[in-house]
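Here is a walk through the fold, one piece at a time. Keep the viewer open and follow along.

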Amino acid sequence: QKFKNIVVTKQKIELKQTIFFQTNKAIIRRRSYALLNEVAQALKDRSKMEVRIEGHTDSRGSEKYNSKLSKARAASVMRYLVRRGVTPSRMVSEGYGESQPIADNRTAAGRAQNRRVEFVITSQ
């Protein structure tokens, strides 16, 4: 496998690192470009694969704000992948805000894990 930062499973494109954004913004940090370029390549290599790009936040801030931020971040990732040559119709983006935590929001480490973007494979 030629990828360093991702693993493609049956259900997901798993990321070995986090996609970083500017604080409280949907602007992707440059340090995450290499990771996203691999996601784009994986999608281009598998022309039938479709994904749902899911944005998630930690529980700080209001639920409404977090929902909006997670939607904007997922949409920003989708736009980035489109610019890298992935057909838009193969992707949908959705924001889940703080509703699907995978770790404890009471700790900094837990909150960091909850702030994430996931790529769920919806068909392949």
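## Helix 2

In this predicted model, helix 2 is 21 residues long and covers 30 Å from its first C-alpha to its last, close to the 30 Å expected at 1.5 Å a residue.

Which residues of helix 2 are buried? The list runs N66, L69, S70, R73, A74, S76, V77, M78, Y80 and L81. These buried residues pack against helix 1, strand 3, strand 4 (91-95) and strand 5.

As a reminder, strands of a sheet pair through backbone hydrogen bonds, in either a parallel or an antiparallel way.

Begin at the strand 1 end of that order. Strand 1 and strand 2 form a hairpin, with three residues between them, and they pair antiparallel over three bridges. Across this pairing, V8 sits opposite I13 in strand 2. Strand 2 also pairs with strand 5, again in the antiparallel sense, over two bridges; here I13 stands opposite F119 in strand 5. Moving on, strand 3 and strand 5 run antiparallel and are joined by seven bridges. If you want a landmark there, V51 stands opposite I121 in strand 5.

## The nonpolar core

How many residues does the largest nonpolar core have? It has 25, and the ones with the most contacts inside it are I13, I19, L43, I53, V77, L81 and F119. Helix 1, strand 3, helix 2 and strand 5 are the elements that give two or more residues to this core. Helix 1 gives the largest share, six residues.

Leaving out residues up to four places away in sequence, F119 touches Q11, K12, I13, L15, I19, L36, V39, R52, I53, V77 and L81. Two of these, V77 and L81, are also on the list of buried residues in helix 2.

## Salt bridges

The count of salt bridges comes to eight. One of them pairs K2 with D45, where the closest N and O atoms are 2.9 Å apart. K2 belongs to the segment before strand 1 (6-8) and D45 to helix 1 (residues 33-45), so this pair ties together parts 43 residues apart in sequence. K2 is exposed, at 56% relative accessibility, whereas D45 is partly exposed, with a relative accessible area of 38%.

Then there is R52 with E54, whose side chains meet in a salt bridge at 2.8 Å, N to O.

D58 and R115 form another salt bridge, with 2.7 Å from N to O. D58 sits in the loop between strand 3 (50-56) and helix 2 (63-83), and R115 in the loop between helix 3 (108-114) and strand 5 (116-123), so the pair links parts 57 residues apart in sequence. D58 is buried at 5% relative accessibility, and R115 is partly exposed at 32%. There is also a network: K12, R116 and E118 are joined into one by salt bridges that share partners.

Key. Residues numbered from 1 in each chain as written. Predicted model: local features only at pLDDT ≥ 70, side-chain atom pairs only at ≥ 80, totals over all residues. Heavy atoms only, no water. Salt bridge = Lys/Arg side-chain N within 4 Å of Asp/Glu carboxyl O. Helix = DSSP H or I, 4+ residues; strand = E, 2+ residues; numbered from the N terminus. Buried < 20%, exposed > 50% of the residue type's maximum accessible area, 1.4 Å probe, protein only. Expected span 1.5 Å × (residues − 1). Contact = heavy atoms within 4.5 Å. Pairing = 2+ DSSP bridges. Core = buried A, V, L, I, M, F, W, Y, C linked by side-chain atoms within 4.5 Å.
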